Amino acid sequence: MIGKVVVTVHVDDPVAIRATGLAKRFGDHVAVAGLDLTVEEGELFSLLGPNGAGKTTTIKMLCCLLRPSGGTASILGHDVRTDPIAVKQVIGVSPQETALAPNLNAWENLGLMAGLHGIGKQRGRRRAAELLEVTGLANRAMDKVKQYSGGMQRRLSIAMALVADPQVVFLDEPTIGLDPQARRGMWDYVAGLKGTTTIVLTTHYLEEADALADRVAVVDGGALVALGTPAGLKAKISGTPVMMVEAPNVTDGALAALRRAYPTARVVPAGVEIEGDDLSVYEIADCLRPFGVEIRSTSIKHVSLDDVFLELTGKELRE
Amino acid sequence: MRSTELAKRNLKEVIRDPLSLGMAVGLPLVLLLTLQALGGDGAPFLTPTLLTPGIVLFGFVMVMFSSAMILSRDRETSLLGRLLTAPLRSSDFVSGYSLPYLLVAMAQAIVLMTVGAVLGLGSAGSVVLVALVLAAMAVFYVALGMILGAVLTVAQTSGAYAFVLILTIFGGAWFDLEEIGGLFITIGDVLPFKHALDASRAVMADGAGLGDIAPDLYWIGAYTTGAVVLAIATFQREMRK
């Protein structure tokens, strides 16, 4: 009898996550509408979008928690539909909710996740100790986590995603509830993983994506709206410089004079905003001073990812 | 085995919730002592030999409730979602959640049987056969807890517990079903509770053997197998919605 021989050839593929036409419907509601994404190994990739944009649904499909309604996706070559155990072997997830075992202490929570991923007791203990230090929880490691503050629980939640040394980490809104200092500490740690661990980060904190992400995907209504580096996305909409003139007492006459030189001038709460390529601080001052306007400062406004999102979708990102 | 890690966590949750643990063992014990004291007035089903198996089965309902609650709570707090991202199969999850509660059920049964023995419980037949019946029912109740916990909210779980508790009335632990007859017997015959109680009482009081209680064992086996299969299927569904 001649058996069928299947040969698997591992090609050196730098892609950690590949999604093609990935879709999810809940009845008539389309949560994710045919997403095409590739994330390279070691890349920190951020998914941005307002609530209900499909970020968490996308992550749940990639983590094998939701079955896609259409399309395909793979993690390090393992198909999320047909090989979920292999996918789960290489991923770590920090869900939107803190999702901890409340009657266990931090040490035991970390040990639980290390044990479920089968990384071995010694290695698990070493990783847990390291992460407890990084998250600043070492001195409370033996306390039941239900006694922790929200910020401490959030830090432990992130540590639980990392304890098994996963090759691909999904961090879904990981720094919600952290104070600025703890958030900065977590950024430093996550940034340190770049290059060795593939990270998918969803966040509402745009400065977080801006500071950490190699690339950003803006999603809205379950569809990809834009994809690129934070700088690249900002460059797309930053063709015309915007000058902010801080002046508390801009009168109608002063504005009219300014508009004769710069038709784009408009009053904003702090003063006047002018969009244009050839902006001269001196000329602006000459227009305003005859009307007794006191100019306190001038600055060129930098484009943020907020502006990118507003430009692309017409929506505020933090809705 | 990775399911052992999950079982260890769940056992810790049980041990660190002394109120629930105390209720699970203490309440049936109080019931046994109270009803046995009433049995002195001559009601035959209140003698230790006939009463104790019913109390053990009642205790299992409380274990079912605890197992359903932890699973339901883990779902509501998204801890289950996190656990489901670990490389475990649905059967690993069912065993990881079930084993600690089977241990509690076993401990509960041993305590109640020991107290029953002190009160005068005796077994004319094989103790192993009684243990087999009770063990099968413990598996049934814990599997039922898994099913309820996997589909119901914490609030709904309390309602389901009350419903199952009412159904166990048709087991005949608290009164003689034969005296009431009719619909009670019909319903009792299609549920596993009466079969479990009849079988254990027959062995303990009358010395019945395996062949004598075989029809009851078929019912118990069918319900237990069905509950375990359904629990695994429910988990599979939960893992990939």
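Hi everyone, let's start where the two chains meet: 21 residues from chain B and 23 residues from chain A take part in the contact. Two residues count as in contact if their C-beta atoms, placed from the backbone, lie within 7 Å. On the side of chain B that touches chain A, α1 (2-15) and α4 (79-83) each supply at least two residues, and α1(B) gives the most, with six residues. By class, that side of chain B has seven nonpolar, four polar and 10 charged residues. Here Ala, Val, Leu, Ile, Met, Phe, Trp, Tyr, Cys and Pro count as nonpolar, Asp, Glu, Lys and Arg as charged, and the others, Gly among them, as polar.

A quick word on what you are looking at. This is a predicted model, where local features need pLDDT of at least 70 and side-chain atom pairs count only at pLDDT 80 or more, while totals for chains, interfaces and linings use all residues. Residues are numbered from 1 along each chain as its sequence is written, with chains lettered from A and ligands numbered from 1 in the order in which they are written.

Now, chain B as a whole. How many helices and strands are there in chain B? There are 11 helices and zero strands; both are DSSP runs numbered from the N terminus, helices being H or I with at least four residues and strands E with at least two. The C-alpha trace of chain B spans about 55 × 35 × 30 Å along its principal axes. Buried residues make up 47% of its 241 residues, where buried means that 20 or more other C-beta atoms lie within 10 Å of the residue's own, all placed from the backbone.

Let's zoom in on one helix pair. In chain B, α10 (residues 192-206) and α11 (residues 210-239) pack at an angle of about 145 degrees, with their axes 9 Å apart. Those axes are lines fitted to C-alpha atoms over the stretch in contact, and angles run from 0 to 180 degrees between N-to-C directions. Among the residues that meet are His195(B) and Ala199(B) in α10(B), and Trp219(B) and Tyr223(B) in α11(B). By class, this contact has 10 nonpolar, one polar and three charged residues.

Finally, over to chain A and its strands. β11 (residues 242-246) and β13 (residues 271-275) of chain A pair in the antiparallel sense over five bridges; strands pair if DSSP finds at least two bridges between them. β12 (residues 266-268) of chain A also runs antiparallel to β13(A), joined by three bridges, and β12(A) and β13(A) form a hairpin with two residues between them. Gly271(A) is the bridge partner of Glu246(A) and also of Val268(A).

Technical notes. Buried ≥ 20, exposed ≤ 12 C-beta atoms within 10 Å, placed from the backbone.
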